[in-house]
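Let's take a walk through a protein fold together, one step at a time. Please have a look at the sequence and the structure below before reading on.

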Amino acid sequence: MAEEKPGQNDAQSAKRDAATESKGFTDEERAAMKERARELKAEARASKADRESDVLAKIAEMPEPDRAIAERLHALIRSAAPDLSPKTWYGMPAYARNGKVVCFFQSADKFKARYATLGFSDHANLDDGAMWPTSFALKELTAAGEAEIVALVKRAMS
């Protein structure tokens, strides 16, 4: 057996860890993918009420202040676009039309981010010229922010 030099295993281990970090998925990303696989299996069996219950359960699991933001967003989106169906998407509250996600809420805690995000998919009609925003950072909801969100959701549905 070859004799190891002091620190040799540490250096090799550090190289492997660095390679894994730069090329692999984070624990949070892997968890989101597993959650999405479970959602796809359950989606076919779930009723509309079940899907909304799943969304409300996901919101209830969120730490504050994201939980309060998500609860308010849920109410705003359901009111502004009653045709959108709540569902979970990669473990996040999402709202879909004809099974296609139009918008979603990502808690800051989900991927250890600095802020929560309201995002829109390519199924949202937000096109405006050659470039437009599709996600918005949320630290808190103000009356002006709520009005802007309602306008965006209505535009996304047009």
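What kind of contact joins the side chains of T88 and E39? They are joined by a polar contact of 3.1 Å. A polar contact here is a pair of N or O atoms within 3.5 Å; within protein, one must be able to donate a hydrogen and the other to accept it, and residues adjacent in sequence count only if both atoms are side-chain atoms.

Before we go on, a word on where these values come from. This is a predicted model, in which local features need pLDDT of at least 70 and side-chain atom pairs count only at pLDDT 80 or more, while totals for chains, interfaces and linings use all residues. Residues are numbered from 1 along each chain as its sequence is written, and side-chain values use heavy atoms, with hydrogens and water left out.

Now for the overall plan. The protein has five helices and five strands. Helices (H or I, at least four residues) and strands (E, at least two) are DSSP runs, numbered from the N terminus. Read from the N terminus on, the elements follow the order α-α-α-α-β-β-β-β-β-α. Of the 158 residues in the protein, 34% are buried. Buried means under 20% relative accessible area, exposed means over 50%, and partly exposed lies in between (1.4 Å probe, protein chains only). Contact means heavy atoms within 4.5 Å. Among the contacts in the protein with a separation of 6 or more, 49% are between residues 24 or more positions apart.

Let's return to our opening pair. E39 sits in helix α2, which covers residues 27–43, and T88 belongs to strand β1, residues 85–89. E39 counts as buried because its relative accessibility is 9%. T88 is buried as well, since its relative accessible area is 9%. Setting aside neighbours within four places in sequence, E39 is in contact with T88, W89, Y90 and G91.

Y90 is found in the loop between β1 and β2, and its phi is near 55°, a positive value in a residue other than glycine. Y90 counts as partly exposed because its relative accessibility is 30%.

Next, follow the chain into the strands. β2 and β3 run antiparallel and are joined by four bridges. Two strands pair if DSSP finds at least two bridges between them. The hairpin of β2 and β3 has two residues between the strands, and N98 takes a positive phi near 55° there. N98 is exposed, because its relative accessible area is 75%. On its other pairing, β3 joins strand β4 (residues 116–120) in the antiparallel sense, over four bridges. C103 shows both pairings: this residue of β3 is the bridge partner of Y95, and its own partner in β4 is F120. Six of the seven residues of β3 are buried, so this strand is largely enclosed by the rest of the structure.

One backbone detail deserves a stop. A cis peptide bond joins E64 and P65, with omega about 5°. P65 is found in the loop between α3 and α4 (66–80).

Finally, where is the largest pocket? It is lined by 13 residues, of which K58, E61, M62, G91 and K110 lie nearest its centre. The elements that give two or more residues to this lining are α3 (48–61), β2 (92–97) and β3 (100–106). A pocket is an open set of points on a 1 Å grid over the protein atoms alone, where a 1.4 Å probe fits, with protein on both sides within 12 Å along at least five of seven lines; lining residues have an atom within 4 Å of a point.
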